[in-house]
Amino acid sequence: MDAIELRGITKTFGRVTALHDLNLSVRAGELTALLGPNGAGKTTAISLMLGLAAPSSGQVSVLGGNPRRDDVRRRMGSMPQESALPAALTVREAVALFARFYPTPLPVEQALALADLTGVATRRAGTLSGGKSAAWPLRWPPWATPTCC
Ligand SMILES: Nc1ncnc2c1ncn2[C@@H]1O[C@H](COP(=O)(O)OP(=O)(O)OP(=O)(O)O)[C@@H](O)[C@H]1O
Ligand SMILES: [Mg+2]
């Protein structure tokens with residue numbers, strides 16, 4: 001079973017065809033980069049893999065199931081380009097809050113240590129420097145302990 005399988009995917013937005021007959025397979029443990037010019041459909045393809053949108057036609061399978069299903073989503077990790085930090089929470093509080101969205105998260109202290117954030121754990125998220133903010137565990141997949149990749 002491939003970790004990610006896209007079969008004959010077409011995605012349209014009104015008159016715009018963002019993806020046309022896309023086929024893509026990613027095996028467990030494989031590192032894959034999607035490259036292409038602006039508007040090529042990279043973000044659209046990743047949205048489909050994450051179950052954030054449904055294809056207009058074709059089939060998407062992640063870890064053997066439909067990523068629109070909650071039980072499949074809970075086994076996935078993703079790192080968004082941008083993340084809206086809850087500025088009023090401390091770093092530790094925010095990590096603890098988001099960890100509860102997952103059935104088997106990394107322990108909070110371990111996630112903080114891995115992201116080199118232990119020293120700022122009591123700071124409010126909104127006061128972090130750009131660099132520390134970029135190291136935010138919410139943007140970092142391992143803390144959610146995804147099934148693979
Ligand atoms: N929600 C939407 N509504 C309408 N059109 C959309 C929507 N999302 C994407 N598109 C269109 O689909 C096409 C593919 O967009 P997409 O964002 O997937 O490209 P991309 O490869 O990620 O581009 P970039 O490199 O600029 O990030 C573009 O023409 C875009 O305008
Ligand atoms: Mg994009």
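**The shell around ligand 1**

Tutor: Around ligand 1 stand Phe13, Val16, Ala18, Gly36, Asn38, Gly39, Ala40, Gly41, Lys42, Thr43 and Thr44. The model is predicted: local features need pLDDT of at least 70, side-chain atom pairs count only at pLDDT 80 or more, and totals for chains, interfaces and linings use all residues. Residues are numbered from 1 along each chain as its sequence is written, while chains are lettered from A and ligands numbered from 1 in the order in which they are written.

Student: What makes a residue count as near a molecule?

Tutor: Its C-beta atom, placed from the backbone, must lie within 6 Å of the molecule. Strand 2 and helix 1 (42-49) are the elements that give two or more residues to this shell. Helix 1 gives the most, with 3 residues.

Student: What are the elements called helix and strand here?

Tutor: They are DSSP runs, numbered from the N terminus: helices are H or I with at least four residues, strands are E with at least two.

Student: How does the shell around ligand 1 divide by residue type?

Tutor: There are 4 nonpolar, 6 polar and 1 charged residues. Ala, Val, Leu, Ile, Met, Phe, Trp, Tyr, Cys and Pro count as nonpolar, Asp, Glu, Lys and Arg as charged, and the others, Gly among them, as polar.

**The sheet**

Student: How do you know that strand 1 and strand 2 pair?

Tutor: Pairing requires that DSSP finds at least two bridges between two strands. Strand 1 (residues 4-13) and strand 2 have 7 bridges, in the antiparallel sense, and therefore count as paired.

Student: Which strand does arginine 7 face?

Tutor: Arginine 7 stands opposite glutamine 59 in strand 3. Strand 1 and strand 3 pair over 5 bridges, again antiparallel.

Student: Why is valine 95 called buried?

Tutor: A residue is buried if 20 or more other C-beta atoms, placed from the backbone, lie within 10 Å of its own, exposed if 12 or fewer, and partly exposed in between. Valine 95 has 25 such neighbours and therefore counts as buried. Valine 95 lies in helix 3 (residues 91-99).

Student: What makes a set of residues a nonpolar core?

Tutor: Its members are buried Ala, Val, Leu, Ile, Met, Phe, Trp, Tyr and Cys residues joined through C-beta atoms within 7 Å. The largest has 13 residues, with Ile4, Ile9, Leu48, Met49, Val60 and Val62 making the most contacts inside it. Apart from it lies another core, of 11 residues, including Phe98 and Leu117.
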